[in-house]
Amino acid sequence: MGLLSRKATCNAHGQDSSYFLGWEEYEKNPYDDIKNPHGIIQMGLAENQLSFDLIESWLAKNPAAANFEKEGQSIFRELALFQDYHGLPSFKNAMADFMSENRGNRVSFDPKKLVLTAGATSANETLMFCLADPGDAFLIPTPYYPGFDRDLKWRTGAEIAPIQCTSTNGFRITKSALEEAYEQAQKLNLKVKGVLITNPSNPLGTTTTRTELNHLLDFVSRKNIHLISDEIYSGTVFTSPGFISVMEVLKEKKLEHTDVSKRVHIVYSLSKDLGLPGFRVGVIYSNDDVVVAAATKMSSFGLISSQTQYLLSALLSDKNFTKNYLKENQIRLKRRHAKLVSGLEAAGIECLKSNAGLFCWVDMRHMLTSNTFEAEIELWKKIVYEVKLNISPGSSCHCNEPGWFRVCFANMSEETLKVALNRLKMFVDGPSSTTRSQSEHQRLKNLRKMKVSNWVFRLSFQDREPEER
């Protein structure tokens, strides 16, 4: 009898994905322009570090919020004591207003339907616990965020069934792709409980169109299943077409107070739009009272601290700040995105046309030695170990076409981005192989053992003991 649980020893976390392996290599040899100029540059982390100065400026002008003061009096003791897991009303009101502002005030959000969670990771997992039993499946368009294999499946026992999207139409969701995914899941004896999308898309950096949202709503209505719209990048849209929330389409189709609306749920976070992943602020928004009640109870396992709520309620309630921040942040993202795209073009590399997010979906198919995922991983290894850039291969995002990579641009200085692009151009323009240190050669040799084809389409039940399936 083992001393540890099957959960602790199973391989369903997804840590063997190249997405996480790239991070591990970066952490062993992180780039620093002074201390380690030949280190690996992290381009696999979707963080927004472009507008910290705006928040820091607000904090300097509003010291009472950071010092936990109200009307000149300290409220430290009040915040330090136990707080109800429903959250501070002032923060929920401010968050609901900010979500509306982020969507051009075309839709409104009821604070009573918000559930606070410790980030979007917790929000998505909580929704899985609420909507799916172990073995039930959610359909997700490919390519998708690699972390979903951990967030949605690992502890919940739920499954992910891919909606296969292709480059022929810019990886758009089609009616036929939805039906094929549903039928394929049924052939695998999976009970489909819903569809989950990221809008704007991670890793594509594109907003979901009104046509796609209509397809999705018609599909979930017809199948009597749920729709989760993860909208954590909604404030990063930096050029047209603009962001359309699923809530807007529900309103347009006059479905706001129907059974369909009760099966539509939104996930949001301040990690991307405000660049505050360390604050662990996420929310679930649902029109289903039972889901809200259950998720609220579950949120006790991952609460947002009262101090964080108090500080951010003050910041988000400052409408002058939020208006200026959203506008300026989008300007900066657009500028940085353009620098990445132009730098890649100078190296003969193109990207999927995008209008949002903190990354580009980069087309390196012409650089593969063959049209296989093995060739993609070989190219990825060269970029990590020779070029010293950590980027995410498409196979880690479950893309069904070899040669695509997600490259982040907002988690570094402009100077570091220039170094990264210069390295990549030298690699493309230079000889096909370069001198590699013995230790790097050995690490590359060891990594060749990693298999990719199974990872791309693997379902978590393949990692479980028979009793768990």
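Is W361 buried or exposed, and what is its relative accessible area?

Mentor: Before I get to that, a word on what we have: this is a predicted model, where local features need pLDDT of at least 70 and side-chain atom pairs count only at pLDDT 80 or more, while totals for chains, interfaces and linings use all residues. Residues are numbered from 1 along each chain as its sequence is written, and side-chain values use heavy atoms, with hydrogens and water left out.

Now your tryptophan. W361 is buried, because its relative accessible area is 0%, and buried means under 20% (exposed is over 50%, partly exposed is in between, all with a 1.4 Å probe and protein chains only). For the aromatic side of the story, rings of Phe, Tyr and Trp (its six-membered ring) pair if their centres lie within 6.5 Å; planes under 30 degrees apart count as stacked, over 60 as edge-to-face and the rest as tilted. By that rule there are ten aromatic pairs. One of them joins W361 to W404: the ring centres are 6.0 Å apart and the planes sit at 5 degrees, so this pair is stacked. It links distant parts of the chain, with W361 in strand 12 (residues 359-363) and W404 in strand 15 (residues 404-408), 43 residues apart. W404 counts as buried too, because its relative accessibility is 4%.

Other aromatic residues are worth a click. The rings of Y144 and F148 have centres 6.3 Å apart and planes at 35 degrees, so that pair is tilted. Both Y144 and F148 are buried. Elsewhere, W58, F321 and Y325 form one aromatic cluster.

Most residues other than glycine have a negative phi, and most peptide bonds are trans. The bond from T142 to P143 is cis, with omega near -5 degrees, and P143 lies in the loop between strand 5 (137-141) and helix 8 (148-154). As for phi, F171 has a positive value near 65 degrees and lies in the loop between strand 6 (159-163) and helix 9 (175-187). F171 is buried, because its relative accessibility is 4%. K388 also has a positive phi, near 65 degrees, in the loop between helix 16 (373-385) and strand 13 (389-390). That lysine, K388, is buried at a relative accessible area of 15%.

Zooming out, the chain has 19 helices and 15 strands (DSSP runs numbered from the N terminus: helices are H or I with at least four residues, strands are E with at least two). Buried residues make up 56% of the 469 residues. Among contacts (heavy atoms within 4.5 Å) between residues at least 6 apart in sequence, 77% join residues at least 24 apart. The C-alpha atoms fill a box of roughly 65 × 55 × 55 Å along the principal axes.
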